[in-house]
Amino acid sequence: MSNYDDNNIFAKILRGEIPAIKVYEDEKTLAFMDIMPQAKGHTLVIPKAKAVTLLDLPADDASYTIQIVQKVAQAIKQALEVEGIVLMQLSGEAAGQTVPHVHFHLIPSSVHDLGKHSSKMGDMTEIQAISEQIKAHIR
Ligand code: 5GP
């Protein structure tokens, strides 16, 4: 069980202390746009439960969150008219995880085209516009 840091960036987003471009929220999960996207439409889904990695997440939260991952993936597919979405989940720094709150990446791309993670902010106007498209397709 990893120690949870209440000051991680996603905990701050969940508390509303820093802004996020949200596409879906309910009592247990939040989906929002990645601000350094690896492809257009790169979205993150997180459980609200305090867990660092997938292995720390209670099974009920894990199964609920994957249902929301599916819901958001469906919306991305329809909104952006893409055929494929890479679903990525890094558990542990050793795997490359940089934000210590469990999250699922939904990246409309091919695994063969994914480069190393960008460290540059994306075009926020474009990210905002894509988020509106995705939001409109959430069912
Ligand atoms: P990891 O490398 O931990 O699997 O992924 C962390 C992700 O969070 C990265 O894709 C990174 O771009 C994203 N990220 C980091 N800081 C922020 C932030 O302040 N807001 C949002 N929306 N995404 C962030």
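The dialogue below takes these topics in turn, using a predicted model.

Q: In what order do the five strands lie in the sheet, and what is the sense of their pairing?
A: One reads a sheet by following which strand pairs with which. Here the five strands follow the order S1-S2-S3-S5-S4, the pairing is antiparallel, and the sheet is open. Strand S1 (22-25) and S4 are the edge strands, each pairing on one side only. On average, neighbouring strands of this sheet are turned by 15 degrees against each other, direction ignored.

Q: Over how many bridges do S1 and strand S2 pair?
A: The antiparallel pairing of S1 with strand S2 (residues 29-33) runs over three bridges.

Q: Which strands does helix H2 lie across?
A: Helix H2 (residues 59-80) lies across S1, S2, strand S3 (43-47), S4 and S5. Its direction is at about 160 degrees to that of S3.

Q: Which residues of the largest nonpolar core touch the most other members?
A: A core is read as a set of buried nonpolar residues joined through their side chains. The largest one has 19 residues, and those touching the most other members are Met-33, Val-45, Val-72, Leu-106 and Ile-134. Two or more residues come from each of S1, S2, H2, S5 and helix H3 (124-136). H2 gives the most, with seven residues.

Q: What does Ile-134 contact, neighbours within four places in sequence aside?
A: Ile-134 is in contact with Val-23, Met-33, Gly-41, Thr-43, Ala-75, Ile-76 and Ala-79. There is also a second, separate core of seven residues, including Ile-13, Phe-32, Ile-46 and Val-99.

Q: Is Gln-97 buried or exposed, and why?
A: The relative accessibility of a residue is compared with a cut-off, and buried means under 20%. Gln-97 counts as buried because its relative accessibility is 7%. This residue is found in the loop between strand S4 (86-88) and strand S5 (104-107).

Q: Which backbone atoms lie within reach of the side chain of Gln-97?
A: For a polar side chain, one looks for polar contacts. A polar atom of the Gln-97 side chain lies 2.6 Å from the backbone nitrogen of Gly-92. The side chain of Gln-97 also reaches the backbone oxygen of Val-99, at 2.9 Å.

Q: Which residues does Gln-97 touch, not counting those up to four places away in sequence?
A: Gln-97 touches Val-52, Thr-53, Leu-90, Ser-91, Gly-92, Val-102 and His-103.

How values were computed
Residues are numbered from 1 along each chain as its sequence is written. This is a predicted model: local features need pLDDT of at least 70, side-chain atom pairs count only at pLDDT 80 or more; totals for chains, interfaces and linings use all residues. Side-chain values use heavy atoms; hydrogens and water are left out. Helices (H or I, at least four residues) and strands (E, at least two) are DSSP runs, numbered from the N terminus. Buried means under 20% relative accessible area, exposed over 50%, partly exposed in between (1.4 Å probe, protein chains only). A polar contact is a pair of N or O atoms within 3.5 Å; within protein, one must be able to donate a hydrogen and the other to accept it, and residues adjacent in sequence count only if both atoms are side-chain atoms. Contact means heavy atoms within 4.5 Å. Two strands pair if DSSP finds at least two bridges between them. Axes are lines fitted to C-alpha atoms, for helices over the stretch in contact, and angles run from 0 to 180 degrees between N-to-C directions. A nonpolar core is a set of buried Ala, Val, Leu, Ile, Met, Phe, Trp, Tyr and Cys residues joined through side-chain atoms within 4.5 Å.
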